[in-house]
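User: I would like to learn how to read a protein model step by step, beginning with the overall fold and ending with how strands pair. Could you take me through it?

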Amino acid sequence: MKKILLLFVLISTLSNCIAQDSTSKGHISGYTFSEYFYNAQRDTFTNLKNVAFGGPQGLNGFQFNRIYFTYDYDISKKFSTRFRLEGAHDETFKNGKIGVFIKDAYIEWKNIFKGSTLTFGIQPVAAFTITENIWSYRSVERTIMDLRRIIDSRDFGLSLKGNIGESGKTTYSVMLGNNSDVRVEEDKYKRVYGHLAFNPKEHFYLTLFADYKAHPNKTVRPAHLDANYNNDQFTYAAMIGYKVPNKFSIGVESYIDITKNDLLTETEVDDKNGLGISVFGSAYFTKEISIFGRFDFFDDNIKSYAKEDSRNLYIFGLEYKAMNNIAISPNIGIETYEPFANGTTIKPSITPRLSLFYSFF
């Protein structure tokens, strides 16, 4: 912790030097997502996986969902860098205190050829960047593939992104990554990402995403199935959205996640197929006040014999922008669950929240 505090002091000192030098191309920024939450209702079941809202009934408190501290530096017109630290309530040290880790650490080579940029290091994955822009309320909740951990928001790797054609209405991104998020790489298996984005008309957006995640072969031991099976994973996603800033927005995103030979039945080895659909929108009364809503369907395994793993998520709220860099959002999240195979039902999770976004640089 002392090393991290020292790093903050050094960066702060650097920012003062930068502020005094008008010719410098460095910039420090930071912002945070925080909230007060109250677990108004929870069932007694505590072993449910992949839930949006955890914790027991009655638990409440203030927390930082994310704190970002970023330093950007333009080395030249061709090269730029970013270093970002993140702190979060769900990333803690062994003593339970809020943890801090490296979120971004990359260098960009701009216009390595016309209209394209090469990036190396820990960097954002392009899977849901435009979806977040259409959704617009990242300070309240992550988009569906991020929330359900289908795609990590970061990976360590090499990417190429840019425009297709002169108009700039079609963009692409391809990336080879460790598939280890921001963690240290520990195996030889990698991940390949591909993303296309279309903006054919003003305010209208369409994105297509696919990735391939290599896995080691899976060994199945029953005598009639004894073999090594391919266990690689594929994800395909599409989003369509329409957004007029400070007026309204609407979007739909869907994905399917396929893991080869991941399920063992009594008679065969089968693929595991997960499905997610998210519908979201917002409307503005004024530039400062808007309402928003969202519905997510998530099923970790859509096979007919798989039970207890689908979820419906509802989010409703209002946002008040006190300033451009300050937003307050009272909202409520409700998650419902598929009954158990024996017919036992599960109470919905109900969580009112007061979310706050602000930037401090």
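This is a predicted model: local features need pLDDT of at least 70, side-chain atom pairs count only at pLDDT 80 or more; totals for chains, interfaces and linings use all residues.

User: What does the secondary structure of the protein chain come to?

Analyst: Helices and strands are counted as runs along the chain, and here the protein chain has three helices and 18 strands. Its radius of gyration is 22 Å, close to the 21 Å that the globule rule gives for 361 residues, so the chain is as compact as a globular protein of that length.

User: Which strand does β3 join, and in what sense do the two run?

Analyst: Pairing is read from the bridges between strands; in this model, 11 bridges join β3 (residues 79-92) to β4 (residues 98-113), and the two run antiparallel. Leu 85, for instance, has Ile 102 in β4 as its bridge partner. Five residues lie between the strands of this hairpin, where Gly 96 takes a positive phi near 90 degrees.

User: Over how many bridges do β4 and β5 pair?

Analyst: β4 and β5 (residues 116-124) pair over six bridges, in the antiparallel sense, with Glu 108 standing opposite Thr 119 in β5. Two residues separate β4 from β5 in their hairpin, and Gly 115 in the turn has a positive phi of about 80 degrees.

Notes:
Residues are numbered from 1 along each chain as its sequence is written. Side-chain values use heavy atoms; hydrogens and water are left out. Helices (H or I, at least four residues) and strands (E, at least two) are DSSP runs, numbered from the N terminus. The radius of gyration is taken over C-alpha atoms; the globule rule is 2.2 Å times the number of residues to the power 0.38.
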